Amino acid sequence: NKAKNDNVLLIKGEFMIMKKLWFLTILLVILAGCNPFGSDSSELKGDKPPNAFIEIDGKRYDTVLGTYCWKNGCVDTASAKDMLKNESPIPVEPGTKVTFGRDYEPMPNEVHLNQTSEDGEIEVAVTDYTFTAPNEKGLYFYDYGVWWSEGDVSDGDAFYAFALLVK
């Protein structure tokens with residue numbers, strides 16, 4: 001009977017060890033996915049995202065850095081409309097091509113552009129870092145979001161703000 005009890009204790013002990021190993025494995029997988037060191041974040045340079053600009057008819061205009069997550073943490077800011085209330089909008093003609101740029105490598109591999117006007121907010125299509133200004137006159141605020149990522153792991157992201165005044 002003692003041998004039977006010893007076997008039960010041995011099986012329980014092995015089960016507890018397996019349970020702990022399983023828990024540690026799951027924990028390591030989760031941490032590797034959430035940790036910037038789990039991917040090659042060494043490609044990202046500097047303490048914060050690079051400056052970005054837009055180019056219109058060969059002229060360069062700076063954007064305002066908003067919310068971002070970078071190597072050392074995250075910073076949260078107001079919306080484009082709030083951040084730009086003391087800035088002059090960039091005057092453009094209807095249907096003008098606007099191109100995004102930055103003096104930085106690597107380029108982000110995902111981009112999104114939201115446009116806010118008195119009519120509400122919409123997502124605007126961006127192709128090859130370029131979009132077309134609206135055809136209707138008015139003041140338009142933009143949030144330009146970019147992500148540097150590998151698979152499902154983000155190495156960094158940033159939002160940039162600017163405003164266009166379609167004449």
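So, there are 11 aromatic pairs in this structure, where a pair means Phe, Tyr or Trp rings (six-membered ring for Trp) with centres within 6.5 Å, and planes under 30 degrees apart count as stacked, over 60 as edge-to-face and the rest as tilted. Quick caveat: this is a predicted model, with local features needing pLDDT of at least 70 and side-chain atom pairs counting only at pLDDT 80 or more, while totals for chains, interfaces and linings use all residues. Residues are numbered from 1 along each chain as its sequence is written, and side-chain values use heavy atoms, leaving out hydrogens and water.

Take F131 and Y142: the ring centres are 5.2 Å apart with the planes at 50°, so that pair is tilted. F131 sits in strand β9 (residues 130–132) and Y142 in strand β10, so the pair links parts 11 residues apart in sequence; strands here are DSSP E runs of at least two residues, numbered from the N terminus. F131 is buried at 2% relative accessible area, and Y142 is buried too, at 0%; buried means under 20%, with a 1.4 Å probe and protein chains only.

Last bit, charges over rings, meaning Lys NZ or Arg CZ within 6 Å of the ring centre and within 35 degrees of the normal. R60 has its charged end over F53, 3.6 Å from the ring centre, and K45 lies over the face of Y104 at 5.5 Å.

Key. Helices (H or I, at least four residues) and strands (E, at least two) are DSSP runs, numbered from the N terminus. Buried means under 20% relative accessible area, exposed over 50%, partly exposed in between (1.4 Å probe, protein chains only).
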